[in-house]
Amino acid sequence: MRRSPVVSAKYVKLLVVGGGAGGLGAASKFARKLPRGSVAIVEPHEDHYYQPGFTLVGGGLMTLEANRKKQETLIPSNAEWIKNEVVLFTPDSECSDIEWWRGYHLRIKGALEALETPGVCSNYSPFHVEKHYKEVMNFKEGNAIYTFPDAPIKCAGAPQKACYITDSILRQRGVRDKAHLIYATSLKRIFGVDSYIKPLEKVAEEKNIDVRTKRNLIEVDTSSKSATFQILDEDGIATEQTEKIEYSLLHIGPPCSAPKALRKSQFADRTGFMDVDNATLQSKRFPNVFGVGDCMNTLNAKTAASVSSQLKVLDENLSLVMQGKKPYTKYDGYASCPLVVSRHRAILAEFNPEGPLETTPFNQKKPSFWAYWLKRHFMPYLYWNGLIKGFWNGPAMMRNFSRLVKPSSK
Ligand code: UQ1
């Protein structure tokens, strides 16, 4: 990795750390309203990936190429790109987003090496997502295991989406009866939001997927091609019991962490995520510092859709602080996860930590083609042209409008 020891010290009004969805969206918004030279964005990577597309790449429904753009084409023209990685924060630095796919080796013994061996893959990494599709297309027989970690994870629906798409592909290939599909999750139920549990349990049952709850992957042994799980108790605490399962295919849902420089900094809480006010997104310790995206310790699910709603809050609150005022706009914890359940259907889950927050007047809990179409064709467009350009503030306005048609979305 390129690493220059010191980035030349210079003054900018807003330093955005990370060129992911949150960082680009924030830089775009402020580069438009502040004078030239006021905004700089620190991002070491040449390529930017549309990560919500990875599920589709792993299912052979989109190419990786279609989800990749050069970072230089995305940095707002009025902002400066500092092509480097932050290694140390000093307290009066300003910080925004990112969580990257690195860090996913942290708590699973042997996982990082296993990803380079046959049968082991992850849709979370651009380097192993195409491998998933190849493995599914070449799958002959045995266990195909999809894991969900006992730690924060971005797009919590992605591991089960991968499992459902695999079921569809194996059926089409005529080898589904040779496969035992296992979804092994550390959670007590199939999904974290109550109202989507029943519809998802139905999908899993119809597809004959063996859902094993309270299982936390702790080790991958490539010589015996086996995965070891710790069994968790009702409170999610690890018991002494373990379970070892052999795999032909193992898809790893990675435990995610904030980037190292953030974890080590005074912006982080004890879990290593950025310690911000859950509503205003302002750093609890440094009033001139805000967060957006996956790196924060807010209660929302970590998805691109949540970033869109956070950007509106960030825009208003950071502007207030720049004018010497107090921030008051509140993030409602909105997140969305289009749960692709086959190659043509999806459940459009939208929720906040309190429950569902659906945008459309249609039944979003039922798998539908229109939800799949939105996910496959409309969302990438909205991301590249709306979200990262700082124009898309989430569907809250549309939600208010559709409430006129459908009074309650609960
Ligand atoms: C969304 O805003 C968004 O960000 C661009 C996504 O990310 C890819 C989504 O998947 C979804 C569902 C939303 C929410 C938007 C609508 C119109 C429901």
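This is a predicted model: local features need pLDDT of at least 70, side-chain atom pairs count only at pLDDT 80 or more; totals for chains, interfaces and linings use all residues.
**Exercise 1. Describe how helices α1 and α8 pack: angle class, handedness and contact residues.**

Solution. 
- Step 1: locate the helices. Helix α1 covers residues 21-33 and helix α8 covers residues 304-322.
- Step 2: take the axes. They come within 10 Å and cross at roughly 40°.
- Step 3: classify the angle. Angles under 35 degrees count as roughly parallel, and 65 to 115 as roughly perpendicular. The α1 and α8 pair is therefore oblique.
- Step 4: assign the hand. The crossing of α1 and α8 is right-handed.
- Step 5: list the contacts. From α1 come Ala-21, Gly-22, Gly-25, Ala-26, Lys-29, Phe-30 and Lys-33. They meet Val-307, Leu-311, Lys-312, Leu-314, Asp-315, Leu-318, Ser-319 and Met-322 in α8.
- Step 6: sort by class. The α1 contact with α8 has eight nonpolar, three polar and four charged residues.

**Exercise 2. Repeat the analysis for helices α4 and α5.**

Solution. 
- Step 1: locate the pair. Helix α4 spans residues 129-138, and helix α5 spans residues 158-173.
- Step 2: take the geometry. The angle is about 35°, and the axes lie 9 Å apart.
- Step 3: assign the hand. α4 passes α5 in a right-handed crossing.
- Step 4: list the contacts. His-132, Tyr-133, Val-136, Met-137 and Asn-138 contribute from α4. Ala-162, Thr-166, Ile-169, Leu-170 and Arg-173 contribute from α5.
- Step 5: sort by class. The contact of α4 with α5 holds six nonpolar, three polar and one charged residues.

**Exercise 3. Is Glu-43 buried or exposed, and which side chain does the Glu-43 side chain contact?**

Solution. 
- Step 1: Glu-43 sits in the loop between β2 (39-42) and β3 (47-49).
- Step 2: check accessibility. The cut-off for buried is under 20% relative accessible area. Glu-43 has 3% relative accessibility, so Glu-43 counts as buried.
- Step 3: find the partner. The Glu-43 side chain makes a polar contact with the side chain of His-45, at 2.8 Å.

**Exercise 4. Place Phe-369 in the fold and find its contacts.**

Solution. 
- Step 1: assign the element. Phe-369 belongs to helix α9 (residues 369-387).
- Step 2: Phe-369 is partly exposed because its relative accessible area is 46%.
- Step 3: find the contacts. Leaving out residues up to four places away in sequence, Phe-369 touches His-344 and Arg-345.
- Step 4: compare sequence and space. Phe-369 and Asp-150 are 219 residues apart in sequence. Their C-alpha atoms are 32 Å apart.

**Exercise 5. Which residues does Val-86 touch, not counting residues up to four places away in sequence?**

Solution. 
- Step 1: Val-86 is in the loop between β5 (79-82) and α3 (111-114).
- Step 2: list the contacts. Val-86 touches Val-17, Val-42 and Ala-261.
- Step 3: take a distance. Val-86 and Phe-362 are 276 residues apart in sequence and 44 Å apart in space, C-alpha to C-alpha.

**Exercise 6. Examine the backbone phi of Cys-155 and Lys-225.**

Solution. 
- Step 1: recall the background. Most residues other than glycine have a negative phi.
- Step 2: read Cys-155. Its phi is positive, about 45°, although Cys-155 is not a glycine. Cys-155 lies in the loop between β7 (142-148) and α5.
- Step 3: read Lys-225. Lys-225 is not a glycine either, and has a positive phi of about 45°. Lys-225 lies in the loop between β10 (215-221) and β11 (226-232).
- Step 4: Lys-225 counts as partly exposed because its relative accessibility is 30%.

Note on methods. Residues are numbered from 1 along each chain as its sequence is written. Side-chain values use heavy atoms; hydrogens and water are left out. Axes are lines fitted to C-alpha atoms, for helices over the stretch in contact, and angles run from 0 to 180 degrees between N-to-C directions. Helices (H or I, at least four residues) and strands (E, at least two) are DSSP runs, numbered from the N terminus. Angles under 35 degrees count as roughly parallel, over 145 as roughly antiparallel, 65 to 115 as roughly perpendicular and the rest as oblique. A crossing is left-handed if the near helix is turned anticlockwise from the far one by less than a right angle, and right-handed if clockwise. Contact means heavy atoms within 4.5 Å. Ala, Val, Leu, Ile, Met, Phe, Trp, Tyr, Cys and Pro count as nonpolar, Asp, Glu, Lys and Arg as charged, and the others, Gly among them, as polar. Buried means under 20% relative accessible area, exposed over 50%, partly exposed in between (1.4 Å probe, protein chains only). A polar contact is a pair of N or O atoms within 3.5 Å; within protein, one must be able to donate a hydrogen and the other to accept it, and residues adjacent in sequence count only if both atoms are side-chain atoms.
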